[in-house]
Amino acid sequence: MQLPAMEWFIENGIGEERAIAVAGGQIVASAVIWPEEFIAGEVVKATLVSRRAGSARGTARTDNAREILVDRLPKDAREGAPLHLQITRAGIAETGRVKLPHSRPANGPAMRPTLLQTLRSRGYQVQQVHRFPVSGWNEVIGEAFSREVTFPGGALQFAPTAAMMLIDIDGTLPPAALAQAAITPLAESVRRFDLGGSIGIDFPTLPAKAERKAVDSALGDALQDWQHERTGMNGFGFVQLVARLERPSLLHRAASQPARLAARLLLRQAEMVESPGALLLTAHPEVIAVIPRAWQDELSRRSGRQVQLKSDPALALEGAFAQSVVI
């Protein structure tokens with residue numbers, strides 16, 4: 001599947017930089033970075049704190065006690081030595097743990113590229129905008145929270161795990177037809193959710209070798225412009241994709257940091273309230289708890305309004321809303 005020409009747009013949101021790629025008036029890809037996370041391409045100062053004898057790998061620690069895995073260490077690097085490290089993969093939060101960021105030694109001063117700089121360095125056309133030129137961001141986040149994408153006759157079910165992102169395909173169509181019908185929404189979802197790393201796809205079991213080859217061929221066509229490697233479908237319908245992983249996907253964020261993702265979506269909604277009055281943000285207590293005072297102040301500065309927060313434990317985490325009120 002050859003995507004039509006796409007252009008990236010970036011919003012400098014409160015608590016995040018968010019970007020979408022637009023083609024044919026639709027959101028076809030996304031990228032999100034949060035200021036508290038390391039990002040791929042960033043160069044940081046750190047101290048090597050552990051290294052197994054003879055190994056090119058070790059662990060470093062920044063001045064604020066954040067740990068980073070290091071690869072390609074030179075032979076003369078010793079514990080206690082200062083290093084400049086370039087982040088190659090951000091830390092990935094998972095249920096109950098965090099995969100540490102990955103890095104390698106770097107020359108040059110500490111620096112942190114913006115999302116705009118990162119995308120432009122890869123040859124994309126990018127614009128910084130106040131608001132995305134198309135709607136649909138709320139729906140993309142909603143799909144990430146539900147971990148489901150539906151299509152005629154079936155659905156994709158997403159399950160982030162420690163080993164890989166698992167995608168189950170289920171539906172009412174006959175197995176071969178269901179597998180074929182899932183390919184386009186699958187390829188679209190991989191880009192839209194910013195997936196990377198190891199991805200396991202559980203297609204319906206197809207006993208006929210010709211049917212499996214047809215799915216392999218169609219999947220290859222659908223993902224031809226997405227850099228990856230993949231296995232052929234085995235006799236149980238399983239296919240594995242492997243792509244470069246630089247940052248948490250929207251699905252990982254929704255699964256492991258749902259309140260933080262919901263808080264940022266709420267702040268974006270609040271910025272879009274047009275009716276006059278103070279801004280009242282109503283959300284589940286877990287969402288309210290992760291909105292720092294600095295974000296409230298930034299929202300007040302951007303909107304020129306007073307900001308109030310209200311907890312409602314009856315709301316789902318993703319059910320927060322913003323409205324204007326008279327005070």
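Student: Is Arg-301 buried or exposed?

Tutor: Burial is read from relative accessible area: buried means under 20%, exposed over 50%, partly exposed in between (1.4 Å probe, protein chains only). Arg-301 is exposed, with a relative accessible area of 58%. Glu-298 is partly exposed, at 22%. This is a predicted model: local features need pLDDT of at least 70, side-chain atom pairs count only at pLDDT 80 or more, and totals for chains, interfaces and linings use all residues. Residues are numbered from 1 along each chain as its sequence is written, and side-chain values use heavy atoms, with hydrogens and water left out.

Student: What joins the side chains of Glu-298 and Arg-301?

Tutor: A salt bridge (a side-chain nitrogen of Lys or Arg within 4 Å of a carboxyl oxygen of Asp or Glu). Here the N to O distance is 2.7 Å. Both residues sit in helix H8 (residues 293-303), three residues apart, so about one helical turn separates them. Helices (H or I, at least four residues) and strands (E, at least two) are DSSP runs, numbered from the N terminus.

Student: Which residue meets Arg-268 in a salt bridge?

Tutor: Glu-11, at 2.8 Å, N to O. Arg-268 lies in helix H6 and Glu-11 in strand S1 (residues 7-13), so the pair ties together parts that are 257 residues apart in sequence. Both Arg-268 and Glu-11 are buried. A network of salt bridges links residues including Glu-11, Arg-268, Glu-298 and Arg-301.

Student: In what order do the six strands of the open sheet stand?

Tutor: Strands of a sheet pair through backbone hydrogen bonds, either parallel or antiparallel. Two strands count as paired if DSSP finds at least two bridges between them. The order is S12-S13-S14-S15-S17-S16, with mixed pairing. Strands S12 (148-151) and S16 (229-230) stand at the edges with a single partner strand each, so one side of each has no neighbour in the sheet.

Student: How does S15 pair with S14 and S17?

Tutor: S14 (residues 165-171) and S15 (residues 197-202) run parallel, joined by four bridges. S15 and S17 (residues 238-243) pair in the antiparallel sense over six bridges. Ile-199 stands opposite Leu-241 in S17. Five of the six residues of S15 are buried, so S15 is largely enclosed by the rest of the structure.

Student: How many residues has the largest nonpolar core?

Tutor: A nonpolar core is a set of buried Ala, Val, Leu, Ile, Met, Phe, Trp, Tyr and Cys residues joined through side-chain atoms within 4.5 Å. The largest has 69 residues; Phe-203 and Leu-281 are among those with the most contacts inside it. Helix H6 (residues 258-271) gives the largest share, eight residues.
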